[in-house]
Amino acid sequence: MNKIMECVPNFSEGRDLQKIDQIVAPFRGRPGVKLLDYSNDEDHNRLVVTVVGEPEPLRDAVLAAIGVAVQLIDLNHHTGQHPRMGAVDVVPFIPIKNVTMDEAIALSKEVGEEVAKRYNLPVFLYEKSASAPHRENLAAVRKGEFEGMAEKIKQPEWHPDFGPAERHPTAGTVAIGARMPLVAYNVNLNTPSLEIAHDIAKKIRFIGGGLRYCKAMGVELKDRGITQVSINMTDFTRTALYRAFELVRIEARRYGVSIVGSEIIGLVPMEALIDTASYYLGLENFSMEQVLEARIME
């Protein structure tokens with residue numbers, strides 16, 4: 001591939017494996033597109049797909065997968081720990097190689113317009129593609145979720161960028177945009193108290209006075225009898241993963257709670273992990289140029 005764009009669409013289905021397979025199918029065996037990863041979480045009831053490709057083939061694959069999700073997912077019967085406003089909840093485009101952020105923004109708008117036209121789905125542009133400052137933050141766009149969007153979308157300040165000013169009866173709405181690479185990172189706590197997880201999340205996220213490029217919320221993992229702080233690191237080059245991990249540890253101490261593990265959802269840039277490893281190993285004057293795989297890929 002000469003030009004490489006990444007897309008990480010999130011779908012509101014994490015339990016029905018047959019539906020998941022149908023949603024992922026448009027990304028398989030398609031020239032100019034490579035399916036890198038997909039993971040489903042039953043507690044969140046969410047599917048995260050990571051795919052790269054040349055802009056045009058990637059656009060076509062994403063549009064096809066959105067069509068499948070709109071057909072299969074009915075949010076009137078959807079429950080899960082993760083907030084959601086649509087069957088296809090969010091579709092971010094990320095420039096990777098020989099493409100600019102402006103190109104990613106243009107592609108997101110092209111896809112948004114076509115989604116509205118093809119599936120009669122209301123589309124909000126967010127992050128770098130946002131049409132107004134109050135639409136940049138995905139959490140602000142999604143606030144109220146599927147249930148609350150029926151009334152929210154009628155407000156002039158929340159009129160969709162594309163599509164009807166009316167929530168789709170089963171598929172809700174979708175946010176489409178362009179952004180920097182994001183790291184989905186969860187820290188698990190040895191407590192079943194969702195209140196404690198929520199309190200810790202509030203303290204570490206930026207809007208609560210925490211880390212600048214950190215979004216977080218508390219999530220209950222019922223099957224394991226524990227909770228987690230579910231984190232989105234929106235710019236790992238400015239706020240490192242180890243800072244989020246250590247701040248969760250610090251805040252957990254006040255409740256007598258400890259960390260039992262952490263996890264990465266989807267794919268993560270090598271630099272994000274190397275930076276964290278360098279910190280914990282106390283490496284001096286270390287750089288990415290010393291990473292064997294990084295040099296091979298140059």
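The model is predicted, so local features need pLDDT of at least 70, side-chain atom pairs count only at pLDDT 80 or more, and totals for chains, interfaces and linings use all residues. Residues are numbered from 1 along each chain as its sequence is written, and side-chain values use heavy atoms, without hydrogens and water.

Start with the sheet. It is open, has 4 strands in the order β9-β10-β8-β11, and its pairing is antiparallel. Strands (E, at least two residues) and helices (H or I, at least four) are DSSP runs, numbered from the N terminus. Two strands pair if DSSP finds at least two bridges between them. β9 (214–221) and β11 (259–265) are the edges, each pairing on one side only. On average, neighbouring strands are turned by 20° against each other, direction ignored.

Now look inside the sheet. β8 (residues 183–189) and β10 (residues 226–233) run antiparallel, joined by 7 bridges. V183 has M233 of β10 as its bridge partner.

Helices pack on this sheet. α6 (residues 194–204) touches β8, β9 and β10, and its direction makes about 175° with that of β9. α7 touches β8, β10 and β11, at about 25° to the direction of β8. Contact means heavy atoms within 4.5 Å. Axes are lines fitted to C-alpha atoms, for helices over the stretch in contact, and angles run from 0 to 180 degrees between N-to-C directions.

α7 (residues 241–253) also meets α8 (residues 270–281): their axes come within 8 Å and cross at roughly 60°. The two helices are therefore oblique to each other. Among the residues in contact are F245 of α7 and Y279 of α8.

Terms used:
Angles under 35 degrees count as roughly parallel, over 145 as roughly antiparallel, 65 to 115 as roughly perpendicular and the rest as oblique.
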